[in-house]
Amino acid sequence: MARNGSQRRVFRPGDAVLVRFGVDRVPATVLEDRGLLGVGGRRIYRVRVTFEEPLDFEAPEEDVAPGPRRPAAA
Amino acid sequence: MRALHELRAAHVAVGGTGPGRRTATQQLNHAYAVLVMGQFQGFCRDLHSEAADALSRAVQPSELASVFRVSLTTARALDRGNPTAGTIGSDFGRFGVQFWPEVYEHDSRNGGRRAKLDALGHWRNAIAHQDFTASVVTGRSLNRDTVESWFGACHGLAQSFDIVVGDQIRRLIGRQPW
């Protein structure tokens, strides 16, 4: 295995994100920062998309975008 | 890796011949075995993630690549359980390789190493669940030499896995992935 890259982490476990899923971007939750395991040292996240059942998979950082912010607690 | 070295140092530090030493070293050996298994699981997961990214990155268009990536990394046994021979074979088999036959072919010592991985898995479960009734562990103590031989086996397997998976990804995408 190769290791390089030094990008800073953008998302943390628990963050709400949008992740590329086929032709769409769908809401997801970051489960794990897998580190700089991707091609050229790009960061990989493990995310969970919940349809009828949770679906966990990995996505490179370029496929992950910030999700809608939760409304502030009253 | 650092944690493994620290645990070995702790083992050496528990010196003497007093009655408590055997109990203390036995607990250290248990911790050592669990740590070896955990480190090996981490290696296998990382290797799988790296290979999945290299393979899916080669797929065009990017929308199809994302579908491909999901199928490679969802419901991966290595994310949930021990890196047994079965979970390793099924997870890496997603890359279109008959994994263990390739691993055996890469190094003739890997059959023996797999047997040691199996033994480590039995002990890891017994230790983690504090259930020593399984026939392969019952009535036996665990010594440091045994755990170190498991560590050596995992190290050897890791080197072969890296080469076997890298070669398979190269065959699929036409270039060396790492």
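In which sense, left-handed or right-handed, does H1(B) pass H7(B) in its crossing?

1. Overall content. The coordinates come from a predicted model, and the comments that follow should be read with that in mind. The secondary structure of chain B comes to 7 helices and 0 strands, so that its elements, read from the N terminus, run α-α-α-α-α-α-α. Chain A, by contrast, has 0 helices and 5 strands, and its pattern along the sequence is β-β-β-β-β.

2. The C-alpha trace of chain B spans about 65 × 30 × 30 Å along its principal axes. Of the 178 residues in chain B, 44% are buried, while in chain A buried residues make up 39% of the 74 residues. Among contacts with a separation of 6 or more, residues 24 or more positions apart account for 67% in chain B and for 40% in chain A.

3. Helices H1 and H7 of chain B. To return to the opening question, H1(B) passes H7(B) in a left-handed crossing. The axis of helix H1, which covers residues 2–13 of chain B, comes within 13 Å of the axis of H7(B), and the two cross at roughly 165 degrees. Since angles over 145 degrees count as roughly antiparallel, H1(B) and H7(B) are therefore roughly antiparallel to each other. On the H1(B) side the contact is made by B:Leu4, B:Arg8, B:His11 and B:Val12, which meet B:Arg144, B:Glu148 and B:Phe151 in H7(B). The residues of this contact of H1(B) with H7(B) divide into 3 nonpolar, 1 polar and 3 charged.

4. Helices H6 and H7 of chain B. Helix H7 (residues 144–173) of chain B also meets helix H6 (residues 110–129) of chain B, with axes that come within 9 Å and cross at roughly 125 degrees. H6(B) and H7(B) are therefore oblique to each other, and H6(B) passes H7(B) in a left-handed crossing. In H6(B) the residues involved are B:Asn110, B:Arg113, B:Arg114, B:Lys116, B:Leu117, B:Ala119, B:Leu120 and B:Trp123, and they meet B:Ser149, B:Trp150, B:Ala153, B:Cys154, B:Gly156, B:Leu157 and B:Ser160 in H7(B). The residues of the contact of H6(B) with H7(B) divide into 8 nonpolar, 4 polar and 3 charged.

5. Cysteines. A search of the whole structure finds 0 disulfides over all chains. B:Cys44 is in no disulfide, and the nearest cysteine sulfur, that of B:Cys154, is 8.1 Å away; the cut-off for a disulfide is a pair of sulfur atoms within 2.5 Å. B:Cys44 counts as buried, at 0% relative accessibility. B:Cys154, which is among the H7(B) residues that meet H6(B), is likewise buried, with a relative accessible area of 6%.

6. Backbone features worth a check. A cis peptide bond, with omega about 0 degrees, joins B:Gln60 and B:Pro61, and B:Pro61 lies in the loop between helix H2 (19–57) and helix H3 (62–73) of chain B. B:Ala75 has a positive phi of about 50 degrees although it is not a glycine; the place of this residue is in the loop between H3 and helix H4 (85–93) of chain B, where B:Ala75 is exposed, with a relative accessible area of 51%. B:Gln130, also not a glycine, has a positive phi of about 50 degrees, and B:Gln130 is found in the loop between H6 and H7 of chain B. The relative accessible area of B:Gln130 is 56%, and this residue is exposed.

7. A buried position in chain A. A:Val17 is found in strand S1 (residues 16–21) of chain A and is buried, with a relative accessible area of 1%. Which residues surround A:Val17, not counting residues up to four places away in sequence? A:Val17 touches A:Phe11, A:Val26, A:Pro27, A:Ala28, A:Thr29, A:Val30, A:Val64, A:Ala65, A:Pro66 and A:Gly67. For one of these, A:Pro66, the separation from A:Val17 is 49 residues in sequence but 4.6 Å in space, C-alpha to C-alpha.

Methods: Residues numbered from 1 in each chain as written. Chains lettered and ligands numbered in written order. Predicted model: local features only at pLDDT ≥ 70, side-chain atom pairs only at ≥ 80, totals over all residues. Heavy atoms only, no water. Axes fitted to C-alpha atoms, helices over the stretch in contact; angles between N-to-C directions. Helix = DSSP H or I, 4+ residues; strand = E, 2+ residues; numbered from the N terminus. Parallel < 35°, antiparallel > 145°, perpendicular 65-115°, else oblique. Left-handed = near helix turned anticlockwise from the far one by under 90°. Contact = heavy atoms within 4.5 Å. Nonpolar A, V, L, I, M, F, W, Y, C, P; charged D, E, K, R; others polar. Buried < 20%, exposed > 50% of the residue type's maximum accessible area, 1.4 Å probe, protein only.
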